[in-house]
Amino acid sequence: MTAARDKFGRPIVVVTGMGVVTSLGTGKSDNWAKLTAGESGIRTITRFPTDGLKTSMAGTIDFLPVQPSSSTDLSERLADIVAEEAIAQSAIGTKSDFPGPLFLAVAPVEIEWPQRLELGHDTGKTEFDYDDLLRVSGGGKYTRYHRRFLFGSVADYLAEKFGTKGSPISLSTACASGATAIQLGVEAIRRGETDAALCIGTEGSVNPESLVRFSLLSALSTQNDPPRLASKPFSKNRDGFVIAEGAAALVLENYESAMARGAAILGVVAGCGELTDSFHRTRSSPDGKPIIGCVRKVLADASMESDQIDYINAHGTATPENDKMEYLGISTVFGERAKQIPVSSNKSMIGHTVSAAGAVEAVISLLTLEHQRIPPTINYDVPDPAIPFDVVPNKARDARVTAVMSNSFGFGGQNASLILTREPI
Amino acid sequence: MTETKSSNPGPAEVWITGIGLATSLGEGLDANWDALNQRRINVDENGLAPYVVHPWAPVNFDTQIPKKGDQRQMEAWQRIGTYAAGLALDSAGVKGNKEILGRMDMIVAAGGGERDLAVDSNILSLRAKGNSAPAFLNERLMNDLRPTLFLAQLSNLLAGNIAIVHGVTGTSRTFMGEEAAGFDAARIALARIAGGQSDIALIGGSQNGERKDMLVLYEFDDFNLKDKFEPVWARGSKAGFALGSAGAFLVIESRTHAEARGAKPYARLTNVVADQARRKDPGEVTATLETLWSKLGKLDDNGAIITGATGAEPVTSEELAFLRRHPDFAVRAIGTAFGHTMEAQFPLGLALAALSISRGALFSPNDPTALEVEMSTPPTQIVVIGAGHWRGEGMALVEAVK
């Protein structure tokens, strides 16, 4: 072990607690066992009718004994579960008294169809418009929906339950949100504002309208049968991502204060990088420069060279566009080594947990470091010759892994990358 | 930039060097300044009656969003925000400066976009007429939703559009959470620059208040002001807020960075603090504001306060109790002139504070209750307050540059 500051003189930021829930199950142990067994959590949707939809499968979480009435309810429930797990592992603070701020990656919140239908029914009419809905909305009958459908509502609940400090931040950087939550925590600790931060990404948004929205953008896989084969990152026959639910939480701490309280160090967030793509709302710049710049920034922030990275936890959504651009970005920075370094996509098994993905995949990256074993990219039967990554096809692999790069690239030009290491460097 | 310079001699002084305003009172600093001093209010009691809203003053979008294709890809809230962001970049003198824009932080305080009211209403009406087949909702949504509407609704796509239209590409973060998103955007951007993690940032937010779908959310707890407009402090038993329409963006940067490029400050952004009271017992907001006040830094006598007070209760009364404890400070509630612009309310307050300091005057009071009084001296310190209608308390200290 070395000094508690990095090469820039900043406090080193470590992870002392992690929690995760995905369509594979609840908790690190269950998820790790299934991820390394190459299992898929993708299943046919049963929560609502899928008739008339092009996509009828997703990585839903329907094994919890709660029937959510909205995506926000489920997002909150999932965030609650993973925060419990992470805080318990880190043994930080006392119950309901987490000694630091909350950074929450959460999907944008809105009133959903069950509530809209409830209002519509309440009008007592068969022909009506928003004025009629407005007329029945007030008077106290639906006060709970004001609380529920505020954008800050999930963070509000978590801040109270876990006793985080200060103004909780709810954020969205689309598919990079989970990574951004971690980045905000890292930055706060590096600035010396706090010794600890609770960073959570959560996603409970498998509902009819979210499926339709992504379908209309032609972003989703439509290979519904069998669901477990739908998510095919880096394969030639990949046809889109599979939307999924999940959440992950990380307790970040200043290395020095974590050591002082005798906490077990699970890993280090050695670097964060971010660079925006201004090319298009949903597509990457064809020259890959923003992704390349993002990857270079994260390496610079970690004071590392690309040859020190042993494994890349890819964004790997399985959309034709993303996987191609990710190869362009990685191969430009890593050169010939891009063909040798293991690059796998957890999304082949758990689907794309959108707002949570960056956090979920950071946890899986840290588990990879802990177990020295790389989860595979499953459903890799038809390699795409244009993407000659070593995708760790179909079977997990033991490997020496000291540093992982985890990438997140999202709509709106949101690119964020993290470098996670086992030990401080 | 995430990188911190290795030698950090102490917190950097941060200046407000750009302001972009496009509001219900008009476009640009002069239009807003003049309207405030003339006590002009653009409010509509009829268009969405019984709900009172402040309509946005139309602009020629082409001047800040030159491509019609870009304009079409956005809903009103994104167009308003992208437009105001462009004004802020112009004001700071960095528009088109690829070197600076390529490393500029951006933190946007955002809600979400308008729904397609016709689609929603049609689906609900058809459903009420007995269309309950399993595929009904799915098929209607697949057929009726415009494919690009999703992108016009997504919270982070205001930032996405600003990146596309204006080329701000250093970092991009979107904070949500109503009023708190506004003060946290300023708080984190300031902390990054003061801590040497960045040199320059664009912060702000926007809202289109003429939205029935948004009125529904706030009507759930009867927060909307109805029937008749009243100034914020004069709402008495008719508590509530009139949704406002505004884009408010600021460019903030380290003094060193500003001086190196010859940029002039409107004001200094000295501190931003925030907290979240649980609000379970009366007086919690008053106490939280008092605590935040004590953390702002040294306050001289005879300063000013610009508050985003909403008119909602009980928070407005709790804030009023706090204000009455600081009678030396001239108060202005921007909610009277602009309504409640939610995520944009705190950036709007920051903008008006910086503008007041740069113009050497506090704008006119507009308050029949006489809580707001004339201020005859040029303000050198203005405290900006945000107390969310339901959650979140924030405060900033804006000062004249010495």
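Trainee: Which residue just after α2(A) takes a positive phi of about 50°?

Mentor: This is a predicted model, in which local features need pLDDT of at least 70, side-chain atom pairs count only at pLDDT 80 or more, and totals for chains, interfaces and linings use all residues. Residues are numbered from 1 along each chain as its sequence is written, while chains are lettered from A and ligands numbered from 1 in the order in which they are written. Helices (H or I, at least four residues) and strands (E, at least two) are DSSP runs, numbered from the N terminus. Helix α2 of chain A is residues 71-90, and the residue with the positive phi just after α2(A) is A91(A).

Trainee: How far does α2(A) reach from its first C-alpha to its last?

Mentor: The expected span of a helix is 1.5 Å times one less than its number of residues. For the 20 residues of α2(A), 28 Å is expected. The model is close to that, with a reach of 28 Å.

Trainee: How many of the 20 residues of α2(A) are buried?

Mentor: A residue is buried if 20 or more other C-beta atoms, placed from the backbone, lie within 10 Å of its own. By that rule α2(A) is mostly covered, and the buried count among its 20 residues is 15.

Trainee: Why does the radius of gyration of chain B agree with a compact globule?

Mentor: The radius is taken over C-alpha atoms, and the globule rule is 2.2 Å times the number of residues to the power 0.38. For 402 residues the rule gives a value near 21 Å, which agrees because chain B has 21 Å.

Trainee: What share of the contacts in chain B with a separation of 6 or more comes from residues 24 or more positions apart?

Mentor: Two residues are in contact if their C-beta atoms, placed from the backbone, lie within 7 Å. Within chain B, the share from residues 24 or more positions apart is 82%.

Trainee: Which strand do nine bridges join to β1(B)?

Mentor: Two strands pair if DSSP finds at least two bridges between them. Two bridges join β1(B) to β7(B), residues 267-275, where A267(B) is the partner of I16(B). Elsewhere G18(B) stands opposite V251(B). The antiparallel partner with nine bridges, residues 246-254, is β6(B).

Trainee: Which residue in β2(B) stands opposite T23(B)?

Mentor: β1(B), residues 14-23, has 10 of its 10 residues buried. A hairpin of two residues joins β1(B) to β2(B), and these strands pair in the antiparallel sense over two bridges. Opposite T23(B) stands G26(B).

How values were computed:
A residue is buried if 20 or more other C-beta atoms lie within 10 Å of its own, exposed if 12 or fewer, and partly exposed in between; C-beta atoms are placed from the backbone.
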